[in-house]
Amino acid sequence: MFYDDLSPYAYPITEDGDVFTEVGTGTRFVTVRGAYRRLNIGWLEAGQPWTAGPAPAEFVSKLLTVLEEQAVNEALGLHECDLCPTPPDDAHPWHKPRPGLRRAGVGTGEIRVPGAPGTAYAAPSLIGHYVLDHGYLPPREFVDAVLAFDLRDRSAAYPSIAFPWIPDDAELYDALVD
Ligand SMILES: [Zn+2]
């Protein structure tokens with residue numbers, strides 16, 4: 001699916017909030033509603049315009065760290081890259097890069113990067129593949145936000161989630177307890 005960079009995030013299924021998976025346990029899920037506004041970044045699609053260019057190495061490295069440390073809205077299913085010349089092969093594990101690629105062209109979930117106060121950037125996990133394998137260069141303000149993102153900055157109530165704006169009253173679902 002395609003959304004213009006910096007347009008308001010309106011993924012219909014998640015209108016009721018962002019679900020952060022606690023990376024590490026994978027069993028606790030925190031739903032955040034209305035704590036920040038969301039701007040789209042990196043929702044690319046063949047036939048739609050996007051910007052290519054050299055991404056700063058420091059940005060790429062930090063982006064990959066964010067992708068490792070965050071998991072948002074993972075239950076919404078797989079996103080497939082349609083910029084790749086050949087479609088994903090069912091016989092190949094979807095989460096592994098195919099030969100010639102640095103990142104898998106299929107991804108699940110999204111990331112959130114804090115921007116100006118009250119605004120978070122909302123990108124699909126595939127953004128790593130788009131940057132590394134297709135030369136996508138996100139808007140400068142997103143590049144700067146990723147570089148400025150201190151992943152140790154966390155809410156008091158949810159220190160295990162690498163995002164600073166989880167409200168204390170966010171709704172927790174613990175699969176181990178249930
Ligand atoms: Zn691709």
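Modeller: Buried means under 20% relative accessible area, exposed over 50%, and partly exposed in between, with a 1.4 Å probe and protein chains only. The model is predicted, so local features need pLDDT of at least 70 and side-chain atom pairs count only at pLDDT 80 or more, while totals for chains, interfaces and linings use all residues. Residues are numbered from 1 along each chain as its sequence is written, and side-chain values use heavy atoms, with hydrogens and water left out.

Biologist: Is cysteine 81 buried or exposed?

Modeller: Cysteine 84 falls in the class under 20% relative accessible area. The class of cysteine 81 is likewise buried.

Biologist: What is the geometry of the site of the zinc ion?

Modeller: Donors are N, O and S atoms within 2.8 Å of the metal (3.2 Å for Na, K and Ca); water is not among the atoms, so sites may look incomplete. The protein donors here are Cys81 (SG), Cys84 (SG), His129 (NE2) and His134 (NE2), at 2.0 to 2.2 Å from the zinc ion. Four donors count as tetrahedral if all angles lie between 85 and 135 degrees. The angles among the 4 donor atoms are 99 to 123°, and the site is tetrahedral.

Biologist: How are the donor residues of the zinc ion spaced in sequence?

Modeller: The donor residues are two cysteines, Cys81 and Cys84, and two histidines, His129 and His134. Their spacing in sequence is C-x2-C-x44-H-x4-H.

Biologist: Why is H2 described as largely enclosed by the rest of the structure?

Modeller: Helices (H or I, at least four residues) and strands (E, at least two) are DSSP runs, numbered from the N terminus. The buried residues of H2 include His129 and His134, and the buried residues of H2 pack against H1, E6, E7 and H3. H2 is largely enclosed because the number of its residues that are buried is 8 of the 8.

Biologist: Which backbone oxygen lies 3.1 Å from a polar atom of the side chain of arginine 98?

Modeller: Arginine 98 lies in the loop between strand E4 (78-80) and strand E5 (106-108), and its relative accessible area of 17% makes it buried. Contact means heavy atoms within 4.5 Å; leaving aside neighbours within four places in sequence, the contacts of arginine 98 include Cys84, Pro87 and His92. The backbone oxygen at 3.1 Å belongs to threonine 86.

Biologist: How far apart in space are aspartate 174 and valine 30?

Modeller: Aspartate 174 is found in strand E8, whereas valine 30 is the bridge partner, in E2, of phenylalanine 20. Aspartate 174 and valine 30 are 144 residues apart in sequence. In space, C-alpha to C-alpha, their separation is 8.6 Å.

Key: Tetrahedral: all angles 85-135°; square planar, octahedral: opposite > 155°, others 65-115°. Polar contact = N/O pair within 3.5 Å; in protein donor to acceptor, adjacent residues only side chain to side chain. Pairing = 2+ DSSP bridges.
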